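Work through the exercises below with the coordinates loaded. Each task is followed by a solution in steps.

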Amino acid sequence: MHLSTLLSFLLAFIKCFFFNVFCLESEFSLKGDYLLGGLFALHEVQHATPLSSPEAIQCFRYTFSKSGYQMFQVMRFAIEEINNSTTLLPNISLGYEIFDHCSETKNFPSVFSFISKNNSIKPKEKLNNYQPKVIALTGPYGSTSTITVAPLITMDVIPLVNYGASSYALSNKLQYPSFIRTIPSNKNLIEMIIHIIRWFGWNWVAFLGSQDDYSEDGLRIFNKYISNTGICLAYQENFSQKANYSQTLKKIDMLNINVIVVFAIPQYASKIIKAAIANNIQDKVWIASETWAMNQQLPREPGIGKIGTVIGITERLLSLPGFDDFIYKERVNINAYSAESDIQSENNKCGQYCDCCTSLTAEEIINENPTFSFAIYAAIYTIAHALHDVLQCDMNVCNKNITVKPYMLLEQMKRLDFPLNGRQVKYDDNGDPTISFAVVLWNTETNPPRFEMVGTYDTYPEVTFTINNSRLLWHNNGSVPFSNCSVECKEGFSREPDGYHSCCFLCKKCPRNSYVNYSWNPYTCSPCAESEWSEEGSTTCKKRSVVYLEVTEIPSIIVMVSATCLIILLIAIFCLFAHNYNTPVVKSAGGGMCFLMMTCLIMSTISVFFFFGMPSSVFCLLRNVAFAFFFTVFLSCMAVRSFQIVCIFKMAAKFPTIYSLWVKHNGQWLFVGFFSVIHLFSCILWMTVSTPKPSRDSSTFKDLTILSCEMGNTATVSVVLFIGWFLGFLCLLFSYMGRDLPKNYNEAKSITFSLILYNVSWIVYFTAYLILKSKYIQLVNAMAQLSSIYGILFSYFIPKSYIIVFQPQKNTAAYFQTSIQNYTQTISRT
């Protein structure tokens, strides 16, 4: 009885002893000069149960993770490789303690073990005196797990070189001063996803994740970084444990979202993909974050090909030379020892326990998801290179007299820059590494399925991003899938918002003289500048041609020559009249007043020259106001001249007193002076209220800007024109009253003809002004002025000049006296 009991105890002791030796010494721990810590999820807690009291978790009771075990072996391989190196740490050996970290909320014993000194923890210990069990550690896997344990580790400035936590919050050095990672952060991963979305022109996407730090951090960054990119987040959801995946996927399908970003840990990503297969969700583009981009089981799911195209983002995969041989060697040793010791007994729970570890074949470990292999490898080598620098190692020996503190390694890690398997290992100020992403396509048509690299994104030595479109075999006959809320507007159409999202819009054709600039503001048809023009539906404006009545044009030359000839004629007649000032013809023409009349006509003619050339304020003033004033003074002279002849022959006898006052007070000059002053004030009012000034007509012709002069205020212009037209009416009235005067004094026909020509000319001009819109309307204006002056010249002054020059016998007092006597006899008979 006692013998059997003793034998049973010895057997249990031997089994427990050998299990500890095997697990802790061969797999979970290794003695060395410096100890490193490792946290790996060999088991996964799928659904953690909330507890009301503390409880230490037993990881072996949960689902075994082949991927976690493979990562575990990568650390062991890296340390063995470093210990075998004769150059990195030549006379130094590294040891390790590795713990199964299966839960972020219940795995604290391992962390306490790492940071303890002689099995005790002194939080307020000075860094120079503090020497924890490990000098650095790597892990754990996952952002939530890392954020949970990191404060305990970084509190003592122990380097935490992480291989599997990408939350951007960990880049905050104030909160996590000794955190360094060898994988890109979520910020880099989200930037890569946005690069892919923009590369293919998508803007209508969904974002699915899980309720953990990893997904929530990714969603927050995604929302931040898509602003001003034209990408709209049409649907977002972070799934809980009891989420309804089917309902969510049907909503996405109903919203016509064809690009779905799945930013979740593998457990949730697997549920989403399986739900898509079960609910017959077809022809989507699935963008996989690096946590599940290289998942080995999902591509083998039946029906995976129907859901569409899966594009994964992962770190550029690098092989680890010698790793396969290391696994094969370890499997041989484990299998040999397992057969002898039978350590897989479920009742053996001493030490770190892994009942499934020995059952794995070398091929199963080697073929597991390699996404984080290089990250773990780089983490161990980062610690080793930092220790190399602290110990002042050369190619042959390290200085063992230096007492190594964890914070010393941290200082050296910030300065590291070394090549590793063709990749440069270096860290920025936030402890984040250089980026080397690969875009992989899930080719599920082959058996077994393959991951084909179709694109890359690197930040060292320079930023490069490229995708080989020819290698992407899309699910819809090879063409890039469409995932936009609205079809892109045609060229020259602006977007008119349609709903909440900026990606949803209607297309509106830009009207004439406007354009849409898609790079600046695709939602607005911006007006062209005054000096530009555009057709309907334009994206740019063209320069307008600026036109005006140029001096060198043939019509301009003809008018200016005509004006010059007119001035010469007027000057010649002026001189002729001056030379014959005391003759009856000159006196009947007005005597001294006719010189004022001709001067006004000369000044009016000179204003014609200001219609040609580039319009300016002075030109506009002289061409319009000058003509209006001087020609109106001329009309006042013509009106008083007509009235004076009637007054002499008809009113002198009937109203001798009035006639006497008219002659005594120089009534004709008072009349001219009065209307001249009135008109001068009206012109001053015109210039004061709204001075004629250059104008640019850009509305008449689509591609031309016509330079001319605007007349100014309509009311003041009307007053000026009314005075002129009123005097013209008086001329016609007085000339009609004197139609039966002696021939030498009868100017009714000449005045009537000239005023009819004057009125017709301006009627033609104003009609053309209303109908014709071109630079030549100014030419018509100049011709109207000239025709008015020419009419007066040839009907009034030329006949009198002709008599002076060619019929001097009629330019005598006797001849004029005879005409008066004949008129008197005729009147007396009647």
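A pocket is found on a 1 Å grid over the protein atoms alone, as an open set of points with protein on both sides within 12 Å along at least five of seven lines; a cavity is a set of points where a 1.4 Å probe fits but cannot get out; lining residues have an atom within 4 Å of a point. Grid points are joined across faces, edges and corners, and a volume is the space filled by probe spheres set on the points. This is a predicted model, in which local features need pLDDT of at least 70, side-chain atom pairs count only at pLDDT 80 or more, and totals for chains, interfaces and linings use all residues. Residues are numbered from 1 along each chain as its sequence is written, and side-chain values use heavy atoms, with hydrogens and water left out.

**Exercise 1. Describe the second largest pocket and its lining.**

Step 1. Take the volume: the second largest pocket comes to about 890 Å³.

Step 2. Collect the lining. It holds 38 residues, and Met711, Tyr765, Phe766, Tyr769 and Asn781 lie nearest the centre of the pocket.

Step 3. Assign the lining to elements, where helices (H or I, at least four residues) and strands (E, at least two) are DSSP runs numbered from the N terminus. At least two lining residues each come from helices H16 (617-654), H18 (667-689), H19 (714-737), H20 (748-771) and H21 (777-806), and from strands E26 (693-697) and E27 (704-710).

Step 4. Sort by class. Ala, Val, Leu, Ile, Met, Phe, Trp, Tyr, Cys and Pro count as nonpolar, Asp, Glu, Lys and Arg as charged, and the others, Gly among them, as polar. The lining then splits into 21 nonpolar, 13 polar and four charged residues.

**Exercise 2. How are the rings of Tyr765 and Tyr769 arranged?**

Step 1. The whole structure has 45 aromatic pairs.

Step 2. Apply it. The centres of Tyr765 and Tyr769 are 6.1 Å apart and the planes stand at 45 degrees, so this pair is tilted.

Step 3. Locate the pair. Both residues are in helix H20, four residues apart, about one turn of the helix.

Step 4. Check burial (buried is under 20% relative accessible area, exposed over 50%, partly exposed in between, with a 1.4 Å probe and protein chains only). Tyr765 has 7% relative accessibility and therefore counts as buried, whereas Tyr769, at 38%, counts as partly exposed.

Step 5. Ring pairs join Tyr765 and Tyr769 into a cluster with Phe627, Phe631, Phe634, Trp725, Tyr758, Trp762 and Phe766.

**Exercise 3. Which residues does Ser708 contact outside its sequence neighbourhood?**

Step 1. List contacts (heavy atoms within 4.5 Å). Apart from neighbours within four places in sequence, Ser708 touches Pro615, Lys693, Pro694, Ser695 and Gln778.

**Exercise 4. What lines the largest cavity?**

Step 1. The largest cavity has a volume of about 100 Å³.

Step 2. Read off its lining: Thr182, Glu315, Phe374, Ala378, Arg423, Gln424, Val425, Lys426, Tyr427, Pro433 and Thr434.

Step 3. Assign elements. H11 and strand E15 (423-426) give two or more residues, and E15 gives the most, with four.

Step 4. Classify the lining of the largest cavity: five nonpolar, three polar and three charged residues.

Note on methods:
Phe/Tyr/Trp six-rings, centres within 6.5 Å; stacked < 30°, edge-to-face > 60°.
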